[in-house]
Amino acid sequence: MLKIAVLVSGGGTNLQAIIDKIKSKVITDTSIEVVISNKPDAYALTRAKDNGIEGICVSPKDYATREEFNKALVDTIDSFKVDLVVLAGYLVILPELLINKYENRIINIHPSLIPSFCGMGFYGLKVHEEVLKRGCKVTGATVHFVDKGADTGPIIMQKAVYIKNGDTPEVLQKRVMEEAEWNIMPQVINLIAHNKVKVVDNIAIVEE
Ligand code: GRF
């Protein structure tokens, strides 16, 4: 059984996709042990509660220093003895301690085809705004392992999404979520649960 912690900051539609696909057995041998948010009012915490999953807020605002917050976050994750940490819209820079401790055991979803439109400052609607500004015809989403850089870890899965004439950032964001994010994140979790993802020389290899 793959035990996972899901870290969130916002609405949690990716979290919901994971919950739904565990329920419908598209993802098997996996359990969400805990949902952790940095914001007490994140709707993702309500989604956790509604589905009988423990939801915890660990906010930097509740600690005097960044070091204390980092330690509290790592201790909370450790206490659930999880195999995999899933970042599903988590807008906090991860403690280096966590990245080292959970090497190739933290995954993130990014709403573009990495290495385009990623790195520092590329999050939320900004990504889709820049994609449209550049006149791209194709965008998509990427699930990757997390390393010390910003969106630089081994790429596990990507899915392309076509841009249509007249798209706004909001319309494109929705299409990328529906056509790509909500599919590839659950797929990757299921592959990891069945030991089908390896990292060799910093490249993720997915068994077919
Ligand atoms: C998604 O677009 C994801 O790619 C990005 O943050 C957003 C989170 O959305 N990392 P939600 O909270 O899952 O609805």
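**Ground rules**

I number residues from 1 along each chain as its sequence is written. Since this is a predicted model, local features need pLDDT of at least 70 and side-chain atom pairs count only at pLDDT 80 or more, while totals for chains, interfaces and linings use all residues; side-chain values use heavy atoms, with hydrogens and water left out.

**Entry 1: the whole chain**

I began with the overall layout and found 6 helices and 9 strands in the protein chain. Both are DSSP runs numbered from the N terminus: helices are H or I with at least four residues, strands are E with at least two. The radius of gyration is 16 Å, close to the 17 Å that the globule rule gives for 208 residues, so the chain is as compact as a globular protein of that length. That radius is taken over C-alpha atoms, and the globule rule is 2.2 Å times the number of residues to the power 0.38. Along its principal axes, the C-alpha trace spans about 50 × 40 × 40 Å.

Next I looked up burial, and 48% of the 208 residues count as buried. Buried means under 20% relative accessible area, exposed means over 50%, and partly exposed is in between (1.4 Å probe, protein chains only). The accessible surface of the chain comes to about 10,600 Å², and carbon and sulfur atoms hold 52% of it. Such areas come from the Shrake-Rupley method with a 1.4 Å probe; for residues, only the protein chains shown count as cover.

I also checked contacts, meaning heavy atoms within 4.5 Å. Among those between residues at least 6 apart in sequence, 64% join residues at least 24 apart.

**Entry 2: helix α2**

Which residues of α2 are buried? In this helix, residues 43-50, I found Ala44, Leu45, Arg47 and Ala48 buried. Seen down the axis of α2, these buried residues fall within an arc of 155°, so they line one face of the helix. The arc is that of the directions from the helix axis to the C-beta atoms. A reminder to myself: an α-helix has 3.6 residues a turn, so residues three or four places apart point the same way. On the other side of α2, Lys49 and Asp50 are exposed.

I then asked what covers the buried residues of α2. The cover includes β1 (2-8), α1 (13-23), β2 (30-37) and β3 (55-57). Just after the helix, Gly52 takes a positive phi of about 70°.

**Entry 3: Ala17 in α1**

I picked Ala17 from helix α1 and found it buried, with a relative accessible area of 10%. Leaving out residues up to four places away in sequence, Ala17 touches Trp182 and Pro186. I also looked at Val176, which is 159 residues from Ala17 along the chain; their C-alpha atoms are separated by 14 Å.

**Entry 4: around the ligand**

- An N or O atom in the side chain of Thr13 is 2.5 Å from a ligand oxygen atom.
- A polar backbone atom of Ile109 is 3.0 Å from a ligand nitrogen atom.
- A polar side-chain atom of Glu181 is 2.8 Å from a ligand oxygen atom.

On its own the ligand has 370 Å² of accessible area, and the protein covers 85% of that.

**Entry 5: the loop between β5 and α5**

I found Ser112 in the loop between β5 (106-110) and α5 (125-133). Ser112 is buried at 0% relative accessibility. Apart from neighbours within four places in sequence, Ser112 is in contact with Phe117, Cys118, Val127, Thr139, Gly140, Ala141 and Thr142.

Pro115 is found in the loop between β5 and α5 as well, and the peptide bond from Ile114 to Pro115 is cis, with omega near 15°. Phe117, also in the loop between β5 and α5, has a phi near 50°, a positive value in a residue other than glycine.

Notes: Polar contact = N/O pair within 3.5 Å; in protein donor to acceptor, adjacent residues only side chain to side chain.
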